Amino acid sequence: MDWTPGIISAGAIVGALGRHYANQLWLTRQRSPFPLSTLVVNLTGATLMGFGVTLLQGLLLDRPDLRQLLLVGGLGAYTTFSTYIADTDYLTRAYSWRLGLLYGVGTPLAGVISFWLGRSLALCLGPLVQP
């Protein structure tokens with residue numbers, strides 16, 4: 001029996017709750033409209049992803065279940081930004097700095113364009129959508 005979906009799900013529960021409570025903590029202290037809570041979650045997630053990837057590659061290579069639990073489930077639910085940073089690093093190291101740069105810069109630009117496209121499509125529904 002493959003336990004991978006359950007392992008990832010268990011990590012995702014912890015990661016999603018961690019994101020929720022981190023956001024709540026920052027939002028209660030925040031005095032400006034700047035999305036500081038999202039920035040903090042994304043940067044701590046990227047830091048933890050770098051630490052986790054390095055640790056698992058160096059010490060626990062034979063434990064793919066821990067990788068699934070901590071990195072894919074836990075940090076994947078905490079922030080997909082951490083996975084995006086790890087993928088950018090992988091492309092840069094495994095292939096070329098050009099490919100890593102293309103992915104690293106292109107992803108957020110394409111994401112903003114995709115968001116605007118989705119918003120425009122939703123607004124085309126007219127009275128069903130209030131801007």
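One salt bridge is counted in this predicted model, a salt bridge being a side-chain nitrogen of Lys or Arg within 4 Å of a carboxyl oxygen of Asp or Glu. Residues are numbered from 1 along each chain as its sequence is written. The model is predicted, with local features needing pLDDT of at least 70, side-chain atom pairs counting only at pLDDT 80 or more, and totals for chains, interfaces and linings using all residues; side-chain values use heavy atoms, with hydrogens and water left out.

**Salt bridge**

The partners are D89 and R93, whose closest N and O atoms are 2.7 Å apart. Side chains of opposite charge can pair when their charged atoms come close. D89 and R93 are four residues apart in helix α4, so about one helical turn separates them. Helices here are DSSP runs (H or I, at least four residues), numbered from the N terminus. D89 is partly exposed at 38% relative accessible area, while R93 counts as exposed at 53%. In these terms buried is under 20% relative accessible area, exposed is over 50%, and partly exposed lies in between (1.4 Å probe, protein chains only).

**Pockets**

A pocket is defined on a 1 Å grid over the protein atoms alone, as an open set of points where a 1.4 Å probe fits, with protein on both sides within 12 Å along at least five of seven lines; lining residues have an atom within 4 Å of a point. Volume is the space filled by probe spheres set on the points, which are joined across faces, edges and corners.

| Pocket | Volume | Lining residues | Nearest the centre |
|---|---|---|---|
| Largest | about 320 Å³ | 16 residues | M49, V53, R67, A86 and D87 |

For the largest pocket, α2, α3 (64-78) and α4 (80-94) each supply at least two lining residues, and α4 gives the most, with eight. That lining has eight nonpolar, four polar and four charged residues. Ala, Val, Leu, Ile, Met, Phe, Trp, Tyr, Cys and Pro count as nonpolar, Asp, Glu, Lys and Arg as charged, and the others, Gly among them, as polar.

In the second largest pocket, two or more lining residues come from each of α1, α2 and α3. The largest share is that of α3, with six residues. By class this lining has ten nonpolar, four polar and no charged residues.

**Nonpolar patch**

On the surface, L25, W26, L36, L39 and L43 form a nonpolar patch with about 400 Å² of accessible area together. Patch residues have over 30% relative accessible area and no salt bridge, and nonpolar side chains (Val, Leu, Ile, Met, Phe, Trp, Tyr) are joined within 5 Å. Areas come from the Shrake-Rupley method with a 1.4 Å probe, and for residues only the protein chains shown count as cover. Both α1 (4-29) and α2 (36-58) supply at least two residues of the patch, with α2 giving the most, three. W26 lies in helix α1 and is partly exposed, at 31% relative accessible area.

**Other positions**

I8 is also placed in helix α1 and is partly exposed, with a relative accessible area of 24%. I8 and I113 are 105 residues apart in sequence, and their C-alpha atoms are 30 Å apart. P108 belongs to helix α5 (residues 97-123) and is partly exposed, at 40% relative accessible area. Between the C-alpha atoms of P108 and T92, 16 residues apart along the chain, the separation is 17 Å.

Note on methods: Patch = residues over 30% accessible without salt bridge, like charges linked within 9 Å, V, L, I, M, F, W, Y side chains within 5 Å.
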